[in-house]
Amino acid sequence: SSGGRNPPADLAAQARALMYDAVLSGDPEAIARLWRLEFLARRGRHVNIVEQSVDYHLWPLVACDLGLDCGPGSRALDRACFDPGSGCGYPSLDALVRDRSPPWQYALTEQRRRQIVERIRSGQIAGMFDPPSPQPPPGGRP
């Protein structure tokens, strides 16, 4: 590059590439940290309300499903306990997130979590982190 700043689109593309690397690695610790990259991957584009509303615990929960220890005394649960507004003493990260999220938000997070885990387990990850194609306005014409 010319040594200048990367435009947001380049940064977002780099973040998406790193997200694919983490998923392909199968390393639950790397997958648990994907929420940080997902934030960068969304730079410079409109984010729909569902994406905005999904809890940032989504990726740690996906990692739990893929083998990360998320029970009592686990690093994942300890990390969540130190977050502002969180409390310790939960039996699992899932229990903490369910208790601390509004029900509608938890439902969205759970829905996305199931979809992502299914895609990773089945190897159907192509396009998983691509920006969504623009949707036509409801009802056809604006």
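Which pattern does the protein follow, read along the sequence? The pattern is α-α-α-α-α-α-α-α, and the views below are taken from a predicted model.

**View 1. Overall arrangement of the predicted model.** The protein has eight helices and zero strands. Of its 142 residues, 42% count as buried. Among contacts with a separation of 6 or more, residues 24 or more positions apart account for 58%.

**View 2. The largest nonpolar core.** This core has 36 residues. Leu-34, Trp-59, Val-62, Leu-93 and Met-128 are the residues with the most contacts inside it. At least two core residues come from each of helix H1 (8-25), helix H2 (28-32), helix H3 (34-41), helix H5 (58-65), helix H6 (75-82), helix H7 (93-100) and H8. Helix H5 gives the most to this core, with six residues. In soluble globular proteins, nonpolar side chains tend to be buried together.

View 3. Helix H5 is mostly covered, seven of its eight residues being buried. The buried residues are Leu-58, Trp-59, Pro-60, Leu-61, Val-62, Ala-63 and Cys-64. Two of these, Trp-59 and Val-62, are also listed among the residues with the most contacts inside the largest nonpolar core. Just after H5, Gly-67 takes a positive phi of about 115 degrees.

**View 4. Surroundings of Met-128.** Met-128 belongs to the largest nonpolar core and is one of the residues with the most contacts inside it. Neighbours within four places in sequence are left aside in this view; beyond them, Met-128 is in contact with Tyr-20, Val-23, Trp-59, Ile-116, Arg-119 and Ile-120.

**View 5. Arg-121 on helix H8.** Arg-121 lies in helix H8, which spans residues 103-122. Is Arg-121 buried or exposed? Arg-121 is exposed because its relative accessible area is 58%, and the cut-off for exposed is over 50%. With neighbours within four places in sequence left aside, Arg-121 is in contact with Asp-65 and Leu-66. Arg-121 and Leu-66 are 55 residues apart in sequence, yet their C-alpha atoms are 8.4 Å apart in space.

Definitions and conventions:
Residues are numbered from 1 along each chain as its sequence is written. This is a predicted model: local features need pLDDT of at least 70, side-chain atom pairs count only at pLDDT 80 or more; totals for chains, interfaces and linings use all residues. Side-chain values use heavy atoms; hydrogens and water are left out. Helices (H or I, at least four residues) and strands (E, at least two) are DSSP runs, numbered from the N terminus. Buried means under 20% relative accessible area, exposed over 50%, partly exposed in between (1.4 Å probe, protein chains only). Contact means heavy atoms within 4.5 Å. A nonpolar core is a set of buried Ala, Val, Leu, Ile, Met, Phe, Trp, Tyr and Cys residues joined through side-chain atoms within 4.5 Å.
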